[in-house]
Amino acid sequence: MAIRGLIFDLDGVLVDSARYHFKAWKMLSASLGIDFTEEQNEELKGISRADSLKKIVNWGGIELTEQEFADAMERKNSWYLELIQDMSPDEALTGCRAFLKSAQGTYRIALGSASRNARSILQRVELISFFDALVDGNDTTRSKPDPQVFQLAAERLGLEPEECVVFEDAVAGVQAAKAAGMRVVGVGAPEVLHEADAVIAGFAGFGPREMEQGLMAV
Ligand code: B16
Ligand code: MG
């Protein structure tokens with residue numbers, strides 16, 4: 001079926017917010033007396049804030065009451081918000097602005113992110129005007145690999161899943177897009193994102209024509 005909609009993940013596809021998440025989780029973990037490594041941070045990509053904290057608490061072998069858990073999430077987020085305060089348009093990942101520019105008008109464009117801070121990040125990096133619909137962690141109840149975020153994005157674009165292509169950097173996100181019945185372009189390493197229909201290292205030198213060609217046989 002013809003491609004009519006493009007759905008973008010945020011972190012790792014349009015911006016590198018993972019490094020800010022890492023710093024904030026590291027501060028939170030330290031305040032809980034837990035060590036937190038960059039390898040562990042990799043496992044949190046695409047995972048919601050609450051599910052991320054559940055994993056950290058598990059790794060640290062500690063237990064938190066419901067109130068302590070809520071306080072910890074709040075603390076992590078306020079550190080994160082402080083860290084992204086000075087995010088600027090040059091933090092949009094290489095080539096994605098050019099890609100969005102050339103896709104605008106031909107395709108309907110949506111965001112499908114787990115982040116509750118997605119809107120303000122898109123504003124800071126000045127990408128928000130490219131989007132016809134935004135779906136983020138405030139709209140969803142189930143984390144990727146559940147397809148909910150992408151299903152809702154297609155619905156808001158007024159398109160069928162088969163008409164949409166998802167851009168994702170996380171394995172859980174690729175699985176979510178497949179579960180929604182969509183085609184997926186993985187952004188990252190082919191060994192990691194082997195469930196995607198095509199994989200690119202990034203948007204440099206990649207435009208809508210290359211996307212159409214790469215997905216032609218799918
Ligand atoms: P927040 P994505 C995800 O963004 C991040 O990859 C993940 O590390 C983060 O925990 C999640 O958003 C929630 O973010 O704390 O801002 O609500 O990749 O789905 O765009
Ligand atoms: Mg991501």
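E126 sits in the loop between α6 (118-124) and β3. This is a predicted model. E126 is not a glycine, yet its phi is positive, at about 55°. Most residues other than glycine have a negative phi, and most peptide bonds are trans. E126 is also exposed, because its relative accessible area of 52% is over the 50% cut-off.

The bond from K144 to P145 is cis, with omega near 15°. P145 belongs to the loop between β3 (133-135) and α7 (148-157). D139 is placed in the loop between β3 and α7 as well. D139 counts as partly exposed, at 30% relative accessibility. From D139 to D86 the sequence separation is 53 residues. In space, D139 and D86 are 26 Å apart, C-alpha to C-alpha.

β4 covers residues 164-168. How many of the residues of β4 are buried? The count is 5 of the 5, so β4 is largely enclosed by the rest of the structure. In a regular strand the side chains alternate between the two faces of the sheet. In β4, C164, V166 and E168 point one way. V165 and F167 point the other way. All of these residues are buried.

β4 pairs with β1 and with β5. β1 and β4 run parallel and are joined by 4 bridges. Here F8 stands opposite F167 in β4. β5 spans residues 183-187, and β4 pairs with β5 in the parallel sense, over 4 bridges. In this pairing V165 stands opposite R183 in β5.

β5 is buried too: 5 of the 5 residues are, so this strand is largely enclosed by the rest of the structure. R183, V185 and V187 point one way from β5. V184 and G186 point the other way. All of them are buried, the charged R183 included.

### The magnesium site

Which residues coordinate the magnesium ion (ligand 2)? They are D9 (OD), D11 (O) and D169 (OD), at 2.0 to 2.2 Å. Along the sequence, these donor residues are spaced D-x1-D-x157-D. D11 lies in the loop between β1 (5-8) and α1, and D169 in the loop between β4 (164-168) and α8 (171-179), so the pair ties together parts that are 158 residues apart in sequence.

| Pocket | Volume | Lining | Nearest the centre |
|---|---|---|---|
| Largest pocket | about 620 Å³ | 33 residues | I47, S48, R49, A114 and S115 |
| Second largest pocket | about 260 Å³ | 14 residues | E42, K45, D169, A170 and V171 |

Where does the largest pocket lie? Domain 1 (5-16 + 89-215) and domain 2 (18-86) both give residues to the lining, so the largest pocket lies between them.

The lining of the second largest pocket has 8 nonpolar, 2 polar and 4 charged residues. This lining draws at least three residues from each of domain 1 (5-16 + 89-215) and domain 2 (18-86).

Methods:
Residues are numbered from 1 along each chain as its sequence is written. Chains are lettered from A and ligands numbered from 1 in the order in which they are written. This is a predicted model: local features need pLDDT of at least 70, side-chain atom pairs count only at pLDDT 80 or more; totals for chains, interfaces and linings use all residues. Side-chain values use heavy atoms; hydrogens and water are left out. On a 1 Å grid over the protein atoms alone, a cavity is a set of points where a 1.4 Å probe fits but cannot get out, and a pocket is an open set with protein on both sides within 12 Å along at least five of seven lines; lining residues have an atom within 4 Å of a point. Grid points are joined across faces, edges and corners, and a volume is the space filled by probe spheres set on the points. Domain bounds come from an automatic or database domain assignment. Donors are N, O and S atoms within 2.8 Å of the metal (3.2 Å for Na, K and Ca); water is not among the atoms, so sites may look incomplete. Helices (H or I, at least four residues) and strands (E, at least two) are DSSP runs, numbered from the N terminus. Buried means under 20% relative accessible area, exposed over 50%, partly exposed in between (1.4 Å probe, protein chains only). Two strands pair if DSSP finds at least two bridges between them.
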